[in-house]
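Visitor: Hi! Could you walk me through this one?
Guide: Happy to, let's look at it together.

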Amino acid sequence: PTGMPDDQREGLQEELIDIILHVLKRNPQLHYYQGYHDIVVTFLLVVGDRLATALVEKLSTHHLRDFMDPTMDNTKHILNYLMPIIDQVNPEVHDFMQSAEVGTIFALSWLITWFGHVLSDFRHVVRLYDFFLACHPLMPIYFAAVIVLYRKQEVLNCECDMASVHHLLSQIPQDLPYEALISKAGDLFVQFPPSELAKEAAQQQAERTAASTFKDFELASVQQRPDTVLRQRFRERFQGEERTKSILTKPRTNRFVKLAVMGLTVALGAAALAVVKSALEWAPKFELQIFP
């Protein structure tokens, strides 16, 4: 908080570090992430170090668990619920944001700090914490969607490009009607529960990755059978021979050209066969790495 004396701030920092290290030491499966301290310090300021330690440890193994994995895969998956919620309520805003290709990264700090990092008024922060503690772990993403929808006119009036929309959305107004937005987020959760949005959220992730096109590549490889490729190469060779006859006058030279064409055709056909075979052998391993 602003205005805190230096000695009190230093003492608070020591307590903050102790709580974080205590939780991580007792739970080696958890990993610190940037923004975790924003949540811990909120509890520390409200309830003190002893109770904050117990509450934060419990919270870290439940509501915050997905953020504390070694990678951000689960965090990104949670962010993928944002656009389906917006789409259910206001397809126009959803389509505009999709056209701008703004993505969901603007809401990352909102989600992983429970808005503690982006709101300047501590009263609003603790009010939201009360709300999130009493609700499903995905409620922060519903609240993020409500903020975007509340600012729909600003969004639609913005230039439809990633930089402009990202800049607008990443700056949260500090005078939001929090109680009304909290009520709206709760209504949306009941109306569009996570179970109904899970499929679309997974699709959001799939469409963003290069791996999403891999099955199309695999299908195309299967359809390009080596014998079909070789027959096509031979047809092209015979057509080429007809054109060559009118140009090449010496039979010996024509025979060498034929041999060269046949050799090249066989080489290309063998290469195509090797590529397809390697791709099909590699595909299952690749899919297991991307979708364990």
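Guide: Before we start, helices here are DSSP runs of H or I with at least four residues, numbered from the N terminus. Also, this is a predicted model.

Visitor: Thanks! Which helix gives the largest share of the lining of the largest pocket?
Guide: That's α2, with 5 residues. Helices α1 (6–26), α2 (36–47) and α8 (122–133) each supply at least two residues of that lining.

Visitor: And how many residues line the largest pocket, and which lie nearest its centre?
Guide: The lining has 18 residues, and Pro 1, Asp 38, Val 41, Leu 45 and Phe 122 lie nearest the centre. The space inside is about 440 Å³.

Visitor: How many of the lining residues are nonpolar, polar and charged?
Guide: They divide into 9 nonpolar, 6 polar and 3 charged. Domain 1 (6–67) and domain 2 (72–192) each give at least three residues to the lining.

Visitor: Switching topic: what about the largest nonpolar core?
Guide: It has 73 residues, and Met 97, Phe 115, Ile 141, Tyr 142 and Phe 143 have the most contacts inside it. Helix α9 (residues 139–150) brings the largest share of this core, 10 residues. The core also draws at least three residues from each of domain 1 (6–67) and domain 2 (72–192).

Visitor: What does Phe 143 touch, beyond its neighbours within four places in sequence?
Guide: Phe 143 is in contact with Phe 115, Leu 128, Phe 132, Tyr 178, Leu 181, Ile 182 and Ala 185.

Visitor: One more: is Thr 75 buried or exposed?
Guide: Buried, because its relative accessibility is 2%, and the cut-off for buried is under 20%. Thr 75 lies in helix α4 (residues 73–79). Leaving aside neighbours within four places in sequence, Thr 75 contacts Asp 66, Phe 67, Leu 108, Leu 111 and Ile 112.

Definitions and conventions: Residues are numbered from 1 along each chain as its sequence is written. This is a predicted model: local features need pLDDT of at least 70, side-chain atom pairs count only at pLDDT 80 or more; totals for chains, interfaces and linings use all residues. Side-chain values use heavy atoms; hydrogens and water are left out. On a 1 Å grid over the protein atoms alone, a cavity is a set of points where a 1.4 Å probe fits but cannot get out, and a pocket is an open set with protein on both sides within 12 Å along at least five of seven lines; lining residues have an atom within 4 Å of a point. Grid points are joined across faces, edges and corners, and a volume is the space filled by probe spheres set on the points. Ala, Val, Leu, Ile, Met, Phe, Trp, Tyr, Cys and Pro count as nonpolar, Asp, Glu, Lys and Arg as charged, and the others, Gly among them, as polar. Domain bounds come from an automatic or database domain assignment. Buried means under 20% relative accessible area, exposed over 50%, partly exposed in between (1.4 Å probe, protein chains only). Contact means heavy atoms within 4.5 Å. A nonpolar core is a set of buried Ala, Val, Leu, Ile, Met, Phe, Trp, Tyr and Cys residues joined through side-chain atoms within 4.5 Å.
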